[in-house]
Amino acid sequence: MNKLAVNKILKELVEKYGTPLLVMDLEVIKENYKRLIRNVNNCKVYYAVKANSHIEIVKTLNELGSHFDVASKGEIEKLLSLGVSPEKMSFGNTIKKSSDIKFAFENGIKMFAVDSEMEIEKIAFNAPGSDIYVRISTNGMENDADWPLTRKFGTSVDHAIQLVKYAHDLGLNPIGVSFHVGSQNYNPNNWRVAIREVSVVFEEARRLGIEMKVVNTGGGMPIKYSKNIPTVEEIAEVINQSIKDYLGEDITVIVEPGRSMVGNAGALVSGVILKSKKGEENWLYTDAGVFHGLTETIQNIRYEMSVIGKENENKQKFVLAGPTCDSVDVMYYDAELPESTTIDDLIVFYNTGAYTTEYGTNFNGIPSPKVIFENGLLVEKPEEYIFEKISKEQYMI
Ligand SMILES: Cc1ncc(COP(=O)(O)O)c(C=O)c1O
């Protein structure tokens with residue numbers, strides 16, 4: 001459906017439900033899941049629940065056969081209550097409370113991520129004999145990702161090898177290595193670099209008599225915001241080829257999509273509640289903001305926007321801010337929006353299904369966007385995908 005038609009329906013939905021409103025489309029999520037399975041060889045999808053834990057999304061993915069990457073007791077409880085089997089969950093957060101590890105283990109979860117000695121000790125004590133995978137950091141990829149994860153998570157290859165041995169010595173079962181190239185990563189080559197590093201850990205582990213067969217390639221696949229992106233097919237080809245080149249046969253590939261599973265399945269509509277002029281600056285204030293769904297705007301995420309009914313108007317720069325009493329609550333200082341945008345206009349932020357309502361707070365007593373489902377609304381025909389074809393030379397190292 002084209003943008004004008006989508007906007008027309010969004011307007012009708014807002015008349016019914018009010019703003020701010022996140023409209024999600026389960027058909028898009030189903031297609032994202034199938035596309036990944038079709039393209040990454042030997043792959044198991046562990047949906048990163050943190051991106052959007054809405055129960056309808058979890059239920060849909062569970063029915064399709066998805067596994068789940070969980071980050072806390074809260075997420076585990078939610079999934080268990082929806083009938084998700086604990087064998088389908090991996091506790092992928094490298095920073096877990098001991099009591100959460102115990103809870104997970106007692107409820108049947110057997111797979112945990114680690115990147116430090118103490119985390120291994122916590123798991124050995126609270127979840128004895130469990131499977132673990134060691135997360136390596138992906139240094140040097142910061143500039144290719146809008147949301148880098150390098151510094152806080154993962155460790156060096158050398159340290160990872162020590163951790164594999166330590167976990168083994170403490171009676172745990174090291175099954176593999178994980179990495180995350182950074183969320184919204186534009187460069188497929190980064191997956192290849194990381195898989196090559198995984199192979200070094202595998203080799204050293206084999207020397208120690210520990211056979212590892214799982215590579216967890218994390219998330220990081222991008223969705224279309226304002227810049228062009230490589231396709232799932234292109235990234236999958238790099239992953240498949242790199243595994244063949246560096247790891248060989250019989251490898252299970254875990255993919256943990258968050259953003260790329262649900263991001264393009266959502267559109268957030270927010271109403272303009274004030275317009276003002278401060279010196280040379282034109283300000284627009286909306287009823288969604290940094291604390292209410294648009295948190296990622298304060299790092300590098302540039303959502304595509306339009307104003308319903310003013311799609312073809314000339315644009316000018318506005319400062320676009322949220323409704324709260326905090327000066328951090330400014331989405332963009334250089335938003336390009338139709339010149340006549342004013343009170344009661346509806347601004348649509350596209351591709352906002354991931355990391356929006358999940359980050360939402362109740363700050364200032366203002367509720368986060370309501371979520372509704374309108375299936376089929378946001379489905380794009382394949383020819384509408386925007387590709388920036390990358391050449392093979394770019395990712396061969
Ligand atoms: C362990 C882990 N896996 C997967 C993801 C999902 O990443 P993305 O949203 O980039 O797909 C994250 C996100 O932070 C993560 O921490």
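The following questions and answers concern a predicted model.

Me: On what basis are residues numbered, and which pLDDT limits apply?
Reply: Residues are numbered from 1 along each chain as its sequence is written. In this predicted model, totals for chains, interfaces and linings use all residues, side-chain atom pairs count only at pLDDT 80 or more, and local features need pLDDT of at least 70.

Me: How many residues surround the ligand, and how many of the shell are charged?
Reply: A residue is near a molecule or strand if its C-beta atom, placed from the backbone, lies within 6 Å of it. The ligand is surrounded by 15 residues, the closest being Ala-48, Ser-183, Gly-219, Gly-258 and Arg-259. For classes, Ala, Val, Leu, Ile, Met, Phe, Trp, Tyr, Cys and Pro count as nonpolar, Asp, Glu, Lys and Arg as charged, and the others, Gly among them, as polar. The shell around the ligand has four nonpolar and eight polar residues, and the number of charged ones is three.

Me: Is Val-255 buried or exposed?
Reply: Val-255 is found in strand 11 (residues 252-255); helices (H or I, at least four residues) and strands (E, at least two) are DSSP runs, numbered from the N terminus. A residue is buried if 20 or more other C-beta atoms, placed from the backbone, lie within 10 Å of its own, exposed if 12 or fewer, and partly exposed in between. Because 29 other C-beta atoms lie within 10 Å of Val-255, its class is buried.

Me: Which residues are in contact with Val-255, leaving aside its neighbours within four places in sequence?
Reply: Contact requires C-beta atoms, placed from the backbone, to lie within 7 Å. With those sequence neighbours left aside, the contacts of Val-255 are Leu-36, Val-40, Cys-43, Val-45 and Thr-217.

Me: In which sense do strand 1 and strand 12 pair?
Reply: Two strands pair if DSSP finds at least two bridges between them. Strand 1 (residues 21-24) is covered on both faces, with Leu-21 and Val-23 buried on one side and Leu-22 and Met-24 buried on the other. Strand 1 pairs with strand 18 (residues 370-373) in the parallel sense over four bridges. Val-23 stands opposite Ala-267 in strand 12, and the four bridges between strand 1 and strand 12 (residues 266-278) are antiparallel.

Me: At what angle do helix 7 and helix 8 pack?
Reply: Axes are lines fitted to C-alpha atoms, for helices over the stretch in contact, and angles run from 0 to 180 degrees between N-to-C directions. Val-157, Ala-160, Ile-161 and Val-164 in helix 7 meet Glu-197, Val-200, Val-201, Glu-204 and Ala-205 in helix 8. This contact of helix 7 with helix 8 has seven nonpolar, no polar and two charged residues. The axes of helix 7 (residues 157-169) and helix 8 (residues 189-207) are 9 Å apart, and the angle is about 35 degrees.

Me: What is the omega of the peptide bond from Thr-19 to Pro-20?
Reply: Most residues other than glycine have a negative phi, and most peptide bonds are trans. Pro-20 is found in the loop between helix 1 (3-17) and strand 1. The bond from Thr-19 to Pro-20 is cis, and its omega is near -5 degrees.

Me: What is the phi of Asn-351?
Reply: Asn-351 lies in the loop between strand 17 (346-350) and strand 18. Asn-351 counts as buried because it has 22 C-beta neighbours inside 10 Å. Its phi is positive in a residue other than glycine, near 55 degrees.

Technical notes:
Two residues are in contact if their C-beta atoms, placed from the backbone, lie within 7 Å.
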